[in-house]
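Here is a short briefing to keep beside you while you look through the chain. Have the viewer open and pick out the residues as they come up.

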Amino acid sequence: MDFIGDTSIDWLKYRWYFIAFSLIVASIGVLDIARKGGLRYGIDFSEGTIVYPRFEKTPQIEEIRRVLSNAGIGEAVIQRYDREEMNLVMIRVERRGDDTVELDATATRILDALRNNLPDNELVDVSTEIVGPVVGETLRRQARNATLFAMGAMLLYIGFRFEPIYGVGATVAVFHDVVLTLGLVSVFNHEISLNIIAAFLFLVGYSVNDTIVIFDRVRENRQLARRTSLREIMNLSINQTLRRTILTSGLTFFAVVALYALGGEVLRGFSFVLVTGIIIGTYSSIAIASPIVLWWRRYRDRPASQRRKAKTKPEERAARV
C-alpha cells in the first residue's frame with residue numbers, strides 16, 4: 001500500500017522543537033501530579049476491600065453497579081472473572097476509614113446490598129479479602145521494579161545488537177514515553193491499577209520496537225553510503241520506514257481506540273494508556289531517539305581540544321584570556 005509516497009522530510013532539523021514540545025507536555029504532567037499530591041493509586045496498590053460473590057444465575061454487571069451505587073458505594077470496581085457459567089464477580093472498593101473495622105463494614109454493606117436488592121439472583125457463595133498497606137506497598141515496588149527491569153534489559157539488548165549509544169537513545173525515548181503517558185494519566189484522572197501497569201509494560205515493548213526498526217535501517221544505510229553524514233542517513237532512514245510506521249501504528253491505534261470506546265469502564269484506564277502511548281511512542285522513535293544518537297556521535301567525533309573547551313566554564317575561559 002503506497003498512500004503517502006516517498007518522503008524527504010528533514011526530521012532532525014526540527015529536533016529542538018520536538019524536545020521543547022516534550023518538555024512542555026512532561027512539565028504539565030509533573031505539575032499536575034505535584035498539585036494532586038502524587039499519583040492516584042487504585043485498590044490494587046492501596047488499602048481496600050475485595051468481595052468475591054458467586055451468584056445463582058449469570059450476574060449483570062450494570063445491575064450490580066446500580067445496586068451498589070444506590071447503597072452509597074459508587075466507586076467500586078466490578079469485574080466478572082473465571083468461566084461465565086461459574087457466575088463469579090469480583091467487587092473492589094478502596095479504603096475510606098482509618099482502621100480495618102471500616103474495611104469489614106464495607107464488605108458487610110456490599111453483601112447486604114446484593115442480598116436485599118437482587119432477590120431473583122441469590123448469592124451461592126461469598127469470600128472477602130482485605131488489602132492492607134504492606135500488600136499495597138509491595139505491589140507498588142514490584143510494578144516499579146518490573147518496569148525498570150524491562151527498560152534495563154532493553155538497554156542491554158540494543159547496546160549489544162547495535163552500539164551502546166543506540167541503547168541509551170532507545171532507553172531515553174522509552175523513559176520519555178513513560179513520563180509523558182504517566183503525566184497524561186494524572187491529568188485525565190485515571191487511577192493506577194494493575195491493568196495500567198500491564199499497559200505500560202506493553203508500551204515499553206511497543207515503543208522500542210519502532211525505534212529498533214529505524215536504527216536497523218540506519219545501520220544498513222551506513223554500510224551502503226559510507227561517505228554520507230549520519231544526519232542525512234538518519235533522515236533517510238526515518239523517511240524510508242515512515243510508511244511502515246504509519247501503517248503498523250495506525251492499525252494498532254484504531255484497534256485500541258475501539259477498545260477505549262467499547263471496552264467499558266473497567267478497561268478505560270488500560271485502553272487510555274495504549275491510545276496515548278502509541279501516539280507518544282511513535283513520535284519519540286522519530287523525534288527523540290535519533291537526535292540523542294546524533295548529538296552523542298557529533299560530540300564524540302569532535303577533536304579533543306574542542307571537547308575540553310566545551311567543558312571549560314565561561315569564567316575560566318575569560319580568566320585565561
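A salt bridge here is a side-chain nitrogen of Lys or Arg within 4 Å of a carboxyl oxygen of Asp or Glu. By that rule, the chain holds eight salt bridges. Please keep in mind that this is a predicted model.

**The chain as a whole**
- The chain contains 11 helices and four strands.
- Of its 321 residues, 41% are buried.
- Among contacts with a separation of 6 or more, 74% join residues 24 or more positions apart.
- The accessible surface is about 18000 Å², and carbon and sulfur atoms account for 58% of that area.

**Salt bridges**
- Asp10 pairs with Arg231, and their closest N and O atoms are 2.9 Å apart. This pair ties together distant parts of the chain, 221 residues apart: Asp10 sits in the segment before helix 1 and Arg231 in helix 7.
- Asp10 counts as partly exposed because its relative accessible area is 27%, and Arg231 is partly exposed too, at 23%.
- Within helix 2 (residues 61-70), Arg66 and Glu63 are three residues apart, about one turn of the helix. Their salt bridge has its closest N and O atoms 3.9 Å apart.
- Arg66 is partly exposed at 45% relative accessibility, and Glu63 is partly exposed at 33%.
- Helix 6 holds Asp216 and Arg219, again three residues apart. In their salt bridge the closest N and O atoms are 2.7 Å apart, and Arg219 is partly exposed, with a relative accessible area of 32%.
- Asp32, Arg35 and Lys36 are joined in a network of salt bridges.

- In soluble globular proteins, nonpolar side chains tend to be buried together.
- The largest nonpolar core in this chain has 47 residues, and Ile158 and Tyr166 have the most contacts inside it. Helices 4, 5, 6, 7, 8 and 9 each give two or more residues to this core. Helix 6 provides the largest share, 12 residues.
- Which residues does Tyr166 touch, not counting those up to four places away in sequence? They are Ile158, Phe215, Val218, Arg222, Leu230, Val293 and Arg297.

**Helix 5 and Thr181**
- Helix 5 has 24 residues, so at 1.5 Å a residue it should span 34 Å; its end C-alpha atoms are 35 Å apart, which agrees.
- Just after helix 5, Asn189 has a positive phi of about 60°.
- Thr181 lies in helix 5. Is Thr181 buried or exposed? Thr181 is buried, because its relative accessibility is 0%, below the 20% cut-off.
- Beyond its neighbours within four places in sequence, Thr181 is in contact with Phe200, Leu203, Val273, Thr276, Gly277 and Ile280.

**Helix 3 and Thr106**
- Thr106 belongs to helix 3 (residues 100-117) and is buried, with a relative accessible area of 9%.
- Leaving aside neighbours within four places in sequence, Thr106 touches Thr49 and Val93.
- Thr106 and Glu94 are 12 residues apart in sequence, with their C-alpha atoms 9.5 Å apart in space.

- Ile24 is part of helix 1 (residues 15-35). With a relative accessible area of 52%, Ile24 counts as exposed, since the cut-off for exposed is over 50%.

Notes
Residues numbered from 1 in each chain as written. Predicted model: local features only at pLDDT ≥ 70, side-chain atom pairs only at ≥ 80, totals over all residues. Heavy atoms only, no water. Buried < 20%, exposed > 50% of the residue type's maximum accessible area, 1.4 Å probe, protein only. Core = buried A, V, L, I, M, F, W, Y, C linked by side-chain atoms within 4.5 Å. Contact = heavy atoms within 4.5 Å. Expected span 1.5 Å × (residues − 1). Areas by Shrake-Rupley, 256 points an atom, 1.4 Å probe, with all protein chains shown as cover.
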